[in-house]
Amino acid sequence: MIESASNMRLLVIEDDRDSADYLVKAFREVGHVADQAFDGEEGLSLATNGDYDVLIVDRMLPKRDGLSLIGALREKGNHTPVLILSALGQVDDRIKGLRAGGDDYLPKPYSFAELLARVEVLSRRSVGPAKPFIASAISSLIGCRTGCSAAKARSRCSRASSACSNI
C-alpha cells in the first residue's frame with residue numbers, strides 16, 4: 001500500500017468513468033477525501049463552490065474542456081492548485097496546460113505513486129487565498145531588512161530557502 005501525507009480534499013474531473021472511479025478509490029484508500037465530476041461544467045461548479053486542496057483535471061472533457069475550466073477558475077480568483085492529467089502529452093500540450101493556469105501536468109499513462117506525490121507537493125505549496133498577500137508581505141519584510149526593494153527581494157530570494165541571495 002502507498003503511504004500518503006496528511007488528509008487532503010481532492011476533486012477529480014475526468015470524463016472516463018473507469019479512470020475517475022479508480023482515482024477516487026485510490027485516493028480514498030490512502031486516506032484522502034475525493035469527489036468526482038464527469039464533465040467540465042460540473043467540475044467548474046464543484047471547484048467553485050467546494051473547498052478543495054487540489055484539483056486533478058483532464059484536458060478533454062465534455063461541455064467544457066479542462067483548459068477553459070482552469071481559465072474560468074483563475075478569472076474568478078480561485079487559486080486552488082491544479083494538476084492536469086491528460087493523454088495529450090506532447091511538449092506543446094504541456095506548455096499550453098501550464099500557461100492556461102495549471103500548476104503541474106502529468107501525461108497518461110502515469111504511475112499512481114507519482115500522481116500522489118505530485119498532488120502532495122501541490123498541496124504543500126498552497127496556503128489558500130491569502131498566499132499572494134503573504135508572499136508580498138514576506139518579500140516586503142525581506143526587502144526592508146536587506147535594504148532591497150520588494151521587487152528585488154522577490155527576484156533574488158530562493159523559493160526553497162526564502163533567503164536573499166545578496167546577503
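## Surroundings of methionine 8

In this predicted model, methionine 8 is in contact with His32, Val33, Asp53, Val119, Glu120 and Ser123, when its neighbours within four places in sequence are left aside. Methionine 8 is located in the segment before strand S1 (9-13).

Methionine 8 counts as buried because its relative accessibility is 4%, and buried means under 20%. Its C-alpha atom is separated by 9.7 Å from that of arginine 28, a residue 20 places away along the chain.

## Salt bridge of lysine 108 and aspartate 58

Side chains of opposite charge can pair when their charged atoms come close. The structure holds 10 salt bridges. One of them joins the side chains of lysine 108 and aspartate 58, at 3.9 Å from N to O. This pair links distant parts of the chain, 50 residues apart: lysine 108 is in the loop between strand S5 (104-107) and helix H5 (112-125), and aspartate 58 is in the loop between strand S3 (54-57) and helix H3 (66-75).

Lysine 108 is partly exposed, at 26% relative accessibility, whereas aspartate 58 is buried, at 5%. Both residues belong to a network of salt bridges that also includes Glu14.

Arginine 74 and aspartate 103 form a salt bridge through their side chains, at 2.9 Å from N to O. Arginine 74 lies in helix H3 and aspartate 103 in the loop between helix H4 (91-99) and S5, so the pair ties together parts that are 29 residues apart in sequence. Aspartate 103 is partly exposed, at 37%.

The side chains of arginine 118 and aspartate 104 also meet in a salt bridge, at 2.7 Å from N to O. Here helix H5, which holds arginine 118, is linked to strand S5, which holds aspartate 104; the two residues are 14 residues apart. Arginine 118 is partly exposed, at 25%, while aspartate 104 is buried, at 17%.

Notes
Residues are numbered from 1 along each chain as its sequence is written. This is a predicted model: local features need pLDDT of at least 70, side-chain atom pairs count only at pLDDT 80 or more; totals for chains, interfaces and linings use all residues. Side-chain values use heavy atoms; hydrogens and water are left out. Helices (H or I, at least four residues) and strands (E, at least two) are DSSP runs, numbered from the N terminus. Buried means under 20% relative accessible area, exposed over 50%, partly exposed in between (1.4 Å probe, protein chains only). Contact means heavy atoms within 4.5 Å. A salt bridge is a side-chain nitrogen of Lys or Arg within 4 Å of a carboxyl oxygen of Asp or Glu.
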